[in-house]
Amino acid sequence: MRAIVIMGVSGCGKSTVAEAICQRTGAHLIEGDAFHPPENIRKMSNGIPLTDADRQGWLERLAQESIHQLRLSERVVLTCSALKRRYRETLRGTVPDLGFVFLALTPEQAADRVAHRSGHFMPASLIESQFRDLEPPSDEPSVLTMDATQLVDAITDEVIAWWP
């Protein structure tokens, strides 16, 4: 497993955890939000949930970028909500031996976190739609589920211990 996805709903801490893992392991970070097309960002900024069709091209771009970076780097950490199993399968279909770290938290915790962050296009009003789409990755290969309310260092320690 040379690549992992830090996944979960908005506000779960994907970027923060991924950055901590990369700092400690030297892995290359791919920030999934940076690959959204302008139309997706416009929709989310206006409180419009993305559809499967909106996400498909984005997921394909993330998969291709992961493969590209794996050619250049020993390890890759990708941040991506990966809410549905089919989204994870899109990534798995391109990236061999891909692992997932699911940062789990409640809708209330996610809404509180998103309401108190600045500089991000995702409004708290979309948290409900993210939980509606969420299919937790139970009974899937190479998945580590973590309580997203733990300290970042504790999550990072456990992910690094799990990631061979």
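Predicted model: local features only at pLDDT ≥ 70, side-chain atom pairs only at ≥ 80, totals over all residues.

Visitor: What does Val77 touch, not counting residues up to four places away in sequence?
Guide: Val77 touches Ile4, Ile6, Ala18, Ile21, Cys22, Ala27, His28, Leu29, Ile30 and Trp163. Contact here means heavy atoms within 4.5 Å.

Visitor: Buried or exposed?
Guide: Val77 counts as buried because its relative accessibility is 0%. Buried means under 20% relative accessible area, exposed means over 50%, and partly exposed is in between, using a 1.4 Å probe and protein chains only.

Visitor: How far is Val77 from Ile4?
Guide: Their C-alpha atoms are separated by 5.1 Å, although the two residues are 73 residues apart along the chain.

Visitor: OK, zoom out. How many helices and strands are there?
Guide: The protein has seven helices and five strands. From the N terminus on, the order is β-α-β-α-α-β-α-β-α-α-β-α.

Visitor: Which strands does β4 pair with?
Guide: Strand β1, residues 3-7, runs parallel to β4 and is joined to it by four bridges. β4 also pairs with strand β5, residues 143-147, in the parallel sense over five bridges. Two strands pair if DSSP finds at least two bridges between them.

Visitor: What stands opposite what?
Guide: Met7 stands opposite Phe102 in β4. The bridge partner of Phe102 in β5 is Thr145. Ala104 stands opposite Asp147 in β5.

Visitor: Is β4 mostly covered or uncovered?
Guide: Mostly covered: β4 spans residues 99-104, and five of its six residues are buried.

Visitor: And β5, which residues are on the covered face?
Guide: Leu144 and Met146 are on the covered face of β5, while Val143, Thr145 and Asp147 are on the uncovered one.

Visitor: Switching to helices. Where is Arg85?
Guide: Arg85 is in helix α4, residues 85-94. Arg85 counts as partly exposed because its relative accessible area is 36%.

Visitor: What is Arg85 in contact with?
Guide: Leaving aside neighbours within four places in sequence, Arg85 is in contact with Glu135, Ser138, Asp139 and Glu140. Asn40 is 45 residues from Arg85 in sequence and 20 Å away in space, C-alpha to C-alpha.

Visitor: Which residues have a positive phi although they are not glycine?
Guide: Ala82 is one, with a phi of about 45°, and Asp97 is another, at about 50°. Ala82 lies in the loop between β3 and α4, whereas Asp97 is in the loop between α4 and β4.

Visitor: Are those two buried or exposed?
Guide: Ala82 is buried, with a relative accessible area of 0%. Asp97 counts as exposed, at 60% relative accessibility.

Visitor: What about the segment after α7?
Guide: Pro164 lies there, and α7 covers 152-162. Pro164 counts as exposed, at 64% relative accessibility. Apart from neighbours within four places in sequence, Pro164 is in contact with Met1 and Arg75. The C-alpha atoms of Pro164 and Pro38 are separated by 36 Å.

Visitor: Last topic, the whole protein. Why call it a compact globule?
Guide: A compact globule of 164 residues would have a radius of gyration near 15 Å, and the protein has 15 Å, which agrees. The radius is taken over C-alpha atoms, and the globule rule is 2.2 Å times the number of residues to the power 0.38.

Visitor: How much of it is buried?
Guide: Buried residues make up 48% of the 164 residues.

Key
Residues numbered from 1 in each chain as written. Heavy atoms only, no water. Helix = DSSP H or I, 4+ residues; strand = E, 2+ residues; numbered from the N terminus.
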